[in-house]
Each structure stands twice: as structure tokens, then as C-alpha cells.
Amino acid sequence: MALRDFALIVLVCLIWATNNIISKYVVADLAVPPLFYAAVRFALVALITLPWLLPMPRPRWRLLVVALLMGGGNFALLFIGLQTATASAAAVVIQLGVPITTVLSMVMLGEQVRWRRGIGITLTLSGALLVMWDPGGFVVSTGLLFVVAAAFLGSLGAVMMKQMGGVRPLQFQAWVGFASFWPLAVLSLWLEPGQVAAGVAAGWPFLVAVVFSAVVVSVAAHTAYYGLIQRYEANLISPLTLMTPLATIALGVLIMSDPFGPRMAIGTAVALAGVLIIALRPNQVAPLLLAWRNRAE
């Protein structure tokens, strides 16, 4: 890999990691309702990518379902989870999307999973469960359960999108933004009274967060990533995206004072080792999922 391209993937991963911290800050510290935050973000994405909206790719029903799964549904659940879960823990638990995608690929795409990827699935699941478990109360973190649900929706959407083909990245972004805004806006109006006032009260930090997540993360970083996976083998690019959860954990500890004890360290190491094993094995949807998973956080 050229040094310039390696620097680019490092930058993309740092952008994704920074966005993880910003999302946590918006929904937890600024107290902006999560559905409202997601709706505003997708409204801006739809506006920016409007020139790529038409013609609508076919099959239309599948495009809309995939857009809602990987967009509105995934983001809504993730932001709800981030209200109570730390960004560091969420960055590890969201890795469950990789083994979930592998299993769904077996069922829906007929992929063959051999013993190495089986070990990777087991390690990722074990590490994520270790991070999720609260030994003080002998319960699983509720916020992280929402993150698991977000990972599942993103994985299902990634597998369904693989069955489409022929959709350009910016065209897909346009439909994700357009299709996700409307249901999120309606749900926010219904479930989050006073959401507009909360956004106004949050002030310029909320505005900066929305612009950063929509323009820098969703459009610029995502497009740059897809340019890289077109130039290089997926099993070279995909493992490098593990810099995102590592950078998220570092930023979470340094900026948000996230706790990082032995249980978190061991769980992170085990889960990321499992993801690495899966990513190194040739498969059909890992590059798409890794891009969307990191961008969503």
C-alpha cells in the first residue's frame, strides 16, 4: 500500500473515532434526543447528496429496506444506546456486527464458513459479552443491548445490499438520508416532545456536530474509504479499520473519562482479535459492513 493511501485510511479511522465521541457527547452531555439528532443528521445528508438521488436504483423495495436498516434503524438504536453506554464500550460491542454478518451471509448468500472464521465469531462474541457484562449488578448493560440491536440491523442491511449491486456510494447515501429522515422525524415528534427546543438549547456545539457527522463522516470519509477498497484487496483494508475502535477507546478514556479496567482491556483484545480473524478471511460483505459500522458509531 502506498504511504499516501495508508495515511488516508488512518485519517478516515480517526474521523470515525472522533465522531463516536461526538455522538456520545451530543446525546448524553448536551441531552439532545437521539431520534431528533439522527433525523437532523440524515436531513443534511439527504440535502448534500440530493443530486445523486435519481434515477432510483432497482429493486426499489429492497433499496428502501436496506436504507432504513443501515440508516434510520441502525442510527436510532445506536444513539439511544449511547445515552447510557460509554463510547469505548459501544465501539467494542458494535464489532458484533462482523460475526452477525458472517452468520447472515451463510443463511442468505450461501457463504461457506470454515473453522478459522468460526473461531473469530466465537472470540468476538466472547469479548463483547465480557465488555457488556456488569459484574457489580450481575446484569447486562441496557445501553449496550441497544448497540447490539443496532449492529444486527446494520448487518442485515449489509447482506441485503450485497444482493443488489450496481448502486454507487453517493447514490446510496442519498437514499439512506432521504428514506431515513421521514420516519425518524415522525418518531421524534411522537416520542420526544420538546426536541427542537433541546436542539436550540444545545447551541452551536450541536450544529457543529451535525455538520461534522453529515459532511465529514457520512460523505467525505465514507467516499474516501470506498475509493480505497476499490484499489486494494478487502482483506488488506478491512483489518486496518480496527484502528477505529482502538482510537475510540483512547479518545473515550482521555476526553470522556471512560473507565478502562482489566475486564474492558481483556474483552476488547479478545473481541478485536476475533474481528481480525474474520476480516482476514475472504468474504463477500465485510468491507461494506466495516465501513458502515464505523461511520455509524
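User: What does pLDDT average over the protein chain?

Analyst: Happy to start there! This is a predicted model, in which local features need pLDDT of at least 70, side-chain atom pairs count only at pLDDT 80 or more, and totals for chains, interfaces and linings use all residues. Residues are numbered from 1 along each chain as its sequence is written, and side-chain values use heavy atoms, with hydrogens and water left out. pLDDT is the predictor's confidence in each residue, from 0 to 100. In the protein chain, 87% of the residues score at least 70, and the average is 82.

User: How many contacts beyond four places in sequence does the model have for residues 292-297?

Analyst: A contact means heavy atoms within 4.5 Å. Over residues 292-297 pLDDT stays under 50, and the number of such contacts in the model is 38.

User: Is Val66 buried or exposed?

Analyst: Val66 sits in helix H3 (residues 60-82). Buried means under 20% relative accessible area, exposed over 50%, and partly exposed in between (1.4 Å probe, protein chains only). The relative accessible area of Val66 is 0%, so this residue is buried.

User: How far apart in space are Val66 and Ala179, C-alpha to C-alpha?

Analyst: Along the sequence, Val66 and Ala179 are 113 residues apart. In space, their C-alpha atoms are separated by 9.7 Å.

User: And what separates the C-alpha atoms of Thr102 and Val159?

Analyst: Thr102 belongs to helix H5 (residues 97-109), and its relative accessibility is 3%, so Thr102 counts as buried. Thr102 and Val159 are 57 residues apart along the chain, and their C-alpha atoms are separated by 9.0 Å.

User: Which residue forms a salt bridge with Asp5?

Analyst: A salt bridge is a side-chain nitrogen of Lys or Arg within 4 Å of a carboxyl oxygen of Asp or Glu, and a search of the whole structure finds one. The closest N and O atoms are 3.9 Å apart, and the partner is Arg4.

User: Which residues does Val26 contact, leaving aside neighbours within four places in sequence?

Analyst: Here is some background: in soluble globular proteins, nonpolar side chains tend to be buried together. A nonpolar core is a set of buried Ala, Val, Leu, Ile, Met, Phe, Trp, Tyr and Cys residues joined through side-chain atoms within 4.5 Å. The largest one has 58 residues, and Val26 is among those touching the most other members. With those neighbours left aside, Val26 is in contact with Ala31, Val32, Tyr37, Phe206 and Ala209.

User: Which helix gives the most to the nonpolar patch?

Analyst: The patch is made by Ile48, Leu207, Val211 and Val215, with about 290 Å² of surface. Val211 has 37% relative accessibility, so Val211 counts as partly exposed. Three residues of the patch come from the helix that gives the most, helix H10 (residues 204-231).

Terms used: Helix = DSSP H or I, 4+ residues; strand = E, 2+ residues; numbered from the N terminus. Patch = residues over 30% accessible without salt bridge, like charges linked within 9 Å, V, L, I, M, F, W, Y side chains within 5 Å. Areas by Shrake-Rupley, 256 points an atom, 1.4 Å probe, with all protein chains shown as cover.
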